[in-house]
Amino acid sequence: MRDREAIKRIAYEFVENEAKEGVIYVEVRYCPHLLANSGVEPIPWNHDEGDLSPDEVVRLVNQGLREGERAFSIKARSILCCMRHMPSWSMEIVELCKKYQHDGVVGIDLAGDESLNCEANPDHRRAYEEAERCGIHRTVHAGEVGPASVVKEAVEVLKAERIGHGYRTLEDQNLYRKLLKLNMHFEMCPLSSKLTGACHPDFTKHPIITFKNDKANYSLNTDDPLVLNSTLQHDYSIAQKYMGFTEEEFKRVNICSAQSSFLPEKEKQELLLKLYEAYGMIQSTAF
């Protein structure tokens, strides 16, 4: 935080790391307010006030991602996070999503303490209502450590199109079956869910197995590779070794991920075509 050069460099190096793992499209999320020290109330981490605003943080991240795209020939977009414990930031964050909607930012997220009820918080609700009105894609961290009711709230109150984690959706089978029918996308993170205590430490008992067996719409993600000292390959290895994943399931999950991405429709179809070609599902063709 507070360091312009570092913020841009980290965004660039993030793309470099993803390219090394064979990723062709990535959505990275962060809260711009947590990296700023100007125009934020309160200033995060008890730092002194400076001159780096959330708006400039977004511009710096976008620059780093674009330079990484050009250098490593992959596509990178970002999702801006609201924080449950800081509802006063949410309208500012949705305004940043609107400002950069066609310049690198593809969606809005809500992260943090799931015990903080959004249904009773008008700031989070208004931000998500504005996002829906403006065509900004919406995902919400829910059902990671909080109950299934948090997932229900994310879908019914915040109109989420994707659910971050969502493991505890299984505690409410009626909700789970409803979301399966709606083809709701779940962003799942095997290693993270163990290290955070969100799921049973025995991977052979992980909720992802149920989602897999039910052919749900979900993706496998790293969550926070630097903090967790992990890679996407590590998460894939866990899924293969302990959860019964086959090559066909990995292909299906990646196609689900592309279909549920927050890219504009034309770019999404181009991404899907690349996957179909790579997986031998259609003959290679130029586009």
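1. A crossing of two helices is left-handed if the near helix is turned anticlockwise from the far one by less than a right angle, and right-handed if clockwise. By that rule, α11 and α12 cross in a right-handed way. A word on the model: it is predicted, with local features needing pLDDT of at least 70 and side-chain atom pairs counting only at pLDDT 80 or more, while totals for chains, interfaces and linings use all residues. Residues are numbered from 1 along each chain as its sequence is written, and side-chain values use heavy atoms, leaving out hydrogens and water.

2. Now to that pair in detail. Helix α11 (residues 247-259) packs against helix α12 (residues 265-278) at about 165 degrees, with the axes 9 Å apart. The two are therefore roughly antiparallel (angles over 145 degrees). From α11, N254, I255, A258 and Q259 meet K268, L271, L272, L275 and Y276 of α12 (contact being heavy atoms within 4.5 Å). Those residues divide into six nonpolar, two polar and one charged (nonpolar: Ala, Val, Leu, Ile, Met, Phe, Trp, Tyr, Cys and Pro; charged: Asp, Glu, Lys and Arg; polar: the others, Gly among them).

3. Helix α3 (residues 90-99) and helix α4 (residues 122-133) have axes that come within 8 Å and cross at roughly 15 degrees. That makes α3 roughly parallel to α4 (angles under 35 degrees). Their contact residues divide into four nonpolar, two polar and six charged.

4. Finally, where does R70 sit? R70 is found in helix α2 (residues 54-72). With a relative accessible area of 61%, R70 is exposed (over 50% with a 1.4 Å probe, protein chains only).

Terms used: Helix = DSSP H or I, 4+ residues; strand = E, 2+ residues; numbered from the N terminus. Buried < 20%, exposed > 50% of the residue type's maximum accessible area, 1.4 Å probe, protein only. Axes fitted to C-alpha atoms, helices over the stretch in contact; angles between N-to-C directions. Parallel < 35°, antiparallel > 145°, perpendicular 65-115°, else oblique.
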